Amino acid sequence: MPPIDQNARYMSRAIELARKGRGLVEPNPMVGCVIVKDGTIIGEGYHEKFGGPHAEINAIADCGTTSLAGSTFYVTLEPCCHHGKTPPCTDALLKARPATVVIAMQDPFPKVQGGGIDILQQAGIQVEVGTLEEESRQLNAAYLKRQMQDKPWLIAKWAMTLDGKLATASGSSKWISSREARAEVHRIRGLCDGVMIGSTTAKLDNPLLTTRPPGARTASRIVVDGQATLSLSSKLIETIDQAPLIVAVSSTANSERMEALVNAGCELFVCEGEDHRARMDVLLANLAQRGMTNVLVEGGSQLLGLLWDKREIDEVYGFIAPKIAGGKDALSPVGGTGVTNMEEATSLQRTSVKTFGDTVCLHGFTDFSEVS
């Protein structure tokens, strides 16, 4: 076996490769693979797109005609052992005859879940699990949440003034952030499966919620609209041919309004439940069942407050503009019940700060999700 520091170095490279698949492989996980023989990297690969060859297969192809017997494979996630859109990666590894396979973490997917490791070990291949496991879990935190909790990874985004206002007291919010910051939001949207807003935001902002220019993914627009109040003349409906539009309504919504939305091309999802919290649970479970891994929540205050109180937000992009709006009735980004004491406030983890034009973006992760 190579020394531990070399294991970490090669696995770090595999994680770097895996990140290239972000936005292209979901609902699959991002996976990278590095093949080493006699102290030299002889092949690299990553899962490049959903339905395409997995990381191990691409890394093997990168080796050309070089013999892989006695080599060491570094893989960020346990090799699959089932037939999906591609054959099992364990079959390819058995054919390659490596001496060792170093795996960052076990795959919780029910059809794998240790099965790939068992197959390799039974064939006499040495398997080491746990090198840079935490880094690998962070890489695929969204995939892990969907697998383990049946919910999508929720990314909160808001733009606010320096004094913490989401809009003026009259509801005016265009534009708080810079052009460069808005371009960054479109980049983020292009990596997500869905972008969610509440009914008040849909009414006041009348947004498109499309990604311009198009990204790796086309996010479904999701409007949480309990009473089916979305205007038939909204930009969301006018652009219904550009991206799917899901309207999540309560079972108590007016039937005529629901029918009108369906006739306009919306997909209606009726959320059963006695209150907002219960209906949100139903909606999140449904989005996960659709295969949605990353969902961007763009507001407003009421929706973000509900999700924050439920401890459902996993990641945050807060854009702060050098503007002061004032107004005691102007909304802050996150409503809801909140906390009583400041010591109970959530502190973001793994934070970073970037500047986009004159707008500062603070990015970080909550500790709400057990996989974060």
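Q: How many salt bridges does the structure hold?
A: The structure holds 15, a salt bridge being a side-chain nitrogen of Lys or Arg within 4 Å of a carboxyl oxygen of Asp or Glu. This is a predicted model, in which local features need pLDDT of at least 70 and side-chain atom pairs count only at pLDDT 80 or more, while totals for chains, interfaces and linings use all residues. Residues are numbered from 1 along each chain as its sequence is written, and side-chain values use heavy atoms, leaving out hydrogens and water.

Q: What makes Lys-310 and Asp-281 a salt bridge?
A: Their side chains meet at 2.7 Å, N to O, so the pair passes the distance cut-off. It links distant parts of the chain, 29 residues apart: Lys-310 sits in the loop between α12 and β12, and Asp-281 in helix α11. Helices (H or I, at least four residues) and strands (E, at least two) are DSSP runs, numbered from the N terminus.

Q: Why is Lys-310 called buried?
A: Buried means under 20% relative accessible area, exposed over 50%, and partly exposed in between (1.4 Å probe, protein chains only). Lys-310 has 13%, so it counts as buried.

Q: How do you know that the length of helix α11 agrees with what it should span?
A: The expected span is 1.5 Å times one less than the number of residues. For the 14 residues of α11 (276-289) that gives 20 Å, and the end C-alpha atoms are 20 Å apart, so the two agree. At the start of α11, a side-chain oxygen of Asp-275 comes within 3.3 Å of the backbone nitrogen of Arg-277.

Q: What makes Glu-44 and Arg-13 a salt bridge?
A: Their closest N and O atoms are 2.9 Å apart, so they meet the cut-off. Glu-44 lies in strand β2 and Arg-13 in helix α1 (4-18), so the pair ties together parts that are 31 residues apart in sequence. At 23%, Glu-44 is partly exposed, and so is Arg-13 at 24%.

Q: Are Arg-189 and Glu-298 buried or exposed?
A: Both are buried: Arg-189 has a relative accessibility of 8%, and Glu-298 has 14%. These two also form a salt bridge, with closest N and O atoms 2.7 Å apart.

Q: Why is strand β14 described as largely enclosed?
A: Five of its seven residues (359-365) are buried, so the rest of the structure largely encloses this strand.

Q: How do you know that β14 pairs with β12?
A: Two strands pair if DSSP finds at least two bridges between them. Six bridges join β12 and β14 in the antiparallel sense, so they qualify.

Notes
Polar contact = N/O pair within 3.5 Å; in protein donor to acceptor, adjacent residues only side chain to side chain.
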